[in-house]
Amino acid sequence: MARKLLLEKAHVEGIRHFDVYRREGGYASVEKALKMDPASIVEEVKKSGLRGRGGAGFATGLKWSFLAKPEGVPRYLVCNADESEPGTFKDRFLMEFIPHLLIEGLIVSSFALGSNSTYIYIRGEYAWIVGILEQAIAEAKQNGFLGKNILGAGFDLEIYVQRGAGAYICGEETALIESLEGKRGNPRIKPPFPAIKGLWDCPTVVNNVETLAAVVPIINMGGEEYAKIGVGRSTGTKLISACGNINKPGVYEMDMTISVEEFIYSDEYCGGIANGKKLKACIPGGSSVPILPANLLLKTAKGETRYMNYESLSDGGFASGSMMGSGGFIVLDEDQCVVRHTLTLARFYRHESCGQCSPCREGTGWMEKILQKIENGKGVSSDIDLLWDIQRKIEGNTICPLGDAAAWPVAAAIRHFRDEFEWHVNNPSLCLTQNYGLAHYADELSVVA
Amino acid sequence: MMVKFSEHKMKEVEAIIARYPTGKHKSALIPILHLAQEEFGGWLSAESMDYVASILSIASIEVYEVATFYSMFNLNPVGKHVLEVCQTGPCMLQGSDDIIAYIKSKLGIAVGETTADGMFTLKTVECLGACGYAPMMQMGMHYKEHLTPSKVDEIIAHCYNHK
């Protein structure tokens with residue numbers, strides 16, 4: 001269903017301004033929350049089943065409950081607005097069009113966690129959004145929702161916006177903390193986790209923009225009601241940013257009950273493949289998650305309909321499934337070359353590797369070079385095996401998940417599109433002028449019971 | 001160029017430092033480097049970086065190691081307008097390779113170069129979070145999206161008309 005909890009009011013004229021947002025029911029969750037016990041807010045979030053919307057899908061309430069509370073030590077909430085996963089532009093949309101929703105979510109969450117200084121770490125390139133957020137913060141402050149003694153409840157809060165400066169790795173929470181401390185974005189070794197030792201060595205929670213915005217409807221309707229939306233462990237609504245070769249790229253909100261097929265072909269969402277082409281492949285959750293050929297995308301290996309939720313998208317594990325990830329939905333039509341697309345992603349990860357761990361620093365560069373060779377008709381068949389070997393040696397062998405994120409797209413491309421790689425190797429001159437095309441990637445699969 | 005913030009900019013610097021607890025002023029480094037780059041010619045010279053170090057009372061090396069890590073900081077002089085064209089997967093699917101080739105031939109420069117009149121520098125960048133509005137590029141504080149050769153023509157002409 002096209003149920004909207006976050007973006008319902010995003011297109012109301014003037015919603016960026018406090019007065020309009022307030023008239024539309026905004027900041028009600030703050031009024032409610034400030035009369036509650038902080039621990040019971042955490043309980044509501046636990047009951048809601050909300051899972052982190054940045055990509056990992058970890059239970060938000062559980063993450064909050066890990067926050068250490070030593071006497072006399074400040075605690076911090078940091079909002080991760082470093083949206084950098086290729087294919088993902090949902091947080092940008094939310095912050096740009098309905099900034100007060102994020103500020104409202106931050107006030108409630110800061111109160112629940114006991115943070116009196118909360119930081120929004122936003123990717124440096126979203127420069128114009130900084131002004132939008134700062135305007136919203138100033139308006140909230142003028143109206144008594146920020147600053148000292150908010151709504152007379154004795155709670156003080158300031159929210160600050162901090163710009164990054166171009167580094168995908170700063171989306172990883174410990175790299176983000178390092179960056180916020182004015183350092184290179186090198187991820188930290190965990191444990192200790194930020195909940196124990198985070199920003200300036202104080203207990204810290206880092207949550208994604210969409211996650212924190214979702215706290216608003218959770219408090220308004222109650223965790224149990226929120227949990228009734230969706231299916232299974234995919235509760236509430238999810239923002240999906242759709243891009244690539246589709247008729248209607250954009251940001252869509254839905255509860256997680258619709259099928260992938262409906263999402264791609266319905267006019268309510270992507271509106272079908274652009275230019276009357278056929279669907280070849282899709283990366284459903286941001287560039288790090290496995291790419292799937294059309295047949296495995298629309299149906300699971302068991303022949304069941306695949307849905308736009310955490311469980312269904314990962315059905316089959318990495319052998320035949322993918323992941324919800326960040327909700328960055330990238331569609332490739334029949335004219336696209338999977339080798340070339342994978343090459344751009346390998347280049348991305350090589351560029352974004354922080355360089356701390358050898359498997360990632362060296363391996364991402366090797367993968368890019370080998371893909372470059374294959375794409376340019378200079379590959380040999382052992383290159384495909386070499387590529388497989390390198391990605392396998394990166395995965396699981398690095399401090400942070402960037403190593404895995406770099407390995408998975410290459411692994412999935414070889415797993416599902418190996419014949420396209422082989423075609424490049426076997427047709428070195430043809431692959432420079434022609435594409436492998438749709439091949440068999442949309443064919444009905446025989447289901448082994 | 002004299003490397004020193006105006007009184008007005010210095011107030012901004014102080015406001016940034018005030019966002020953090022006492023003693024945690026190093027957190028202001030990246031925001032201040034952005035300011036320095038804007039104020040001192042669009043790039044960070046060693047002199048600019050040393051100046052930022054002196055403001056924050058940290059070692060110059062602490063500034064260099066940060067400035068060299070983040071891709072938005074230019075460590076060499078750039079043109080008046082920097083065209084940063086995204087080339088990652090989703091933009092590639094929508095023809096960013098053609099856009100990059102078009103800009104190269106129109107301006108007669110390679111990626112990483114600046115036009116002889118000092119007006120434009122061309123850079124390629126990795127995903128900027130505008131995948132649904134591809135192909136795209138960043139120019140200063142803003143994004144230019146849904147690029148076509150004619151839109152590129154318009155943007156370049158606009159820059160020349162508003163020198």
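**Figure 1. A:Ser288 sits in the loop between strand S9 (279-283) and strand S10 (292-293) of chain A.** Welcome to a close-up of a predicted model. With a relative accessible area of 8%, A:Ser288 falls under the 20% cut-off and therefore counts as buried. Its side chain makes a polar contact with the side chain of A:Tyr168, at 3.4 Å. Leaving aside residues up to four places away in sequence, A:Ser288 touches A:Glu85, A:Tyr168, A:Tyr349, A:Ala405, A:Trp408 and A:Pro409.

**Figure 2. Chain B meets chain A through 41 residues of chain B and 56 residues of chain A.** About 3,900 Å² is buried between the two chains, and carbon and sulfur atoms give 57% of that area.

**Figure 3. Polar contacts and salt bridges link chain B and chain A.** Between these chains, 26 residue pairs are in polar contact, counting pairs with both residues at pLDDT 80 or more. The interface also holds four salt bridges by the rule used here. B:Glu38 forms a salt bridge with A:Arg163, where the closest N and O atoms are 4.0 Å apart.

Figure 4. H2(B) gives the most, with five residues. Sorted by class, this side of chain B has 21 nonpolar, 12 polar and eight charged residues.

Conventions. Residues numbered from 1 in each chain as written. Chains lettered and ligands numbered in written order. Predicted model: local features only at pLDDT ≥ 70, side-chain atom pairs only at ≥ 80, totals over all residues. Heavy atoms only, no water. Contact = heavy atoms within 4.5 Å. Buried area = accessible area lost by both parts, 1.4 Å probe. Salt bridge = Lys/Arg side-chain N within 4 Å of Asp/Glu carboxyl O. Polar contact = N/O pair within 3.5 Å; in protein donor to acceptor, adjacent residues only side chain to side chain. Helix = DSSP H or I, 4+ residues; strand = E, 2+ residues; numbered from the N terminus. Nonpolar A, V, L, I, M, F, W, Y, C, P; charged D, E, K, R; others polar. Buried < 20%, exposed > 50% of the residue type's maximum accessible area, 1.4 Å probe, protein only.
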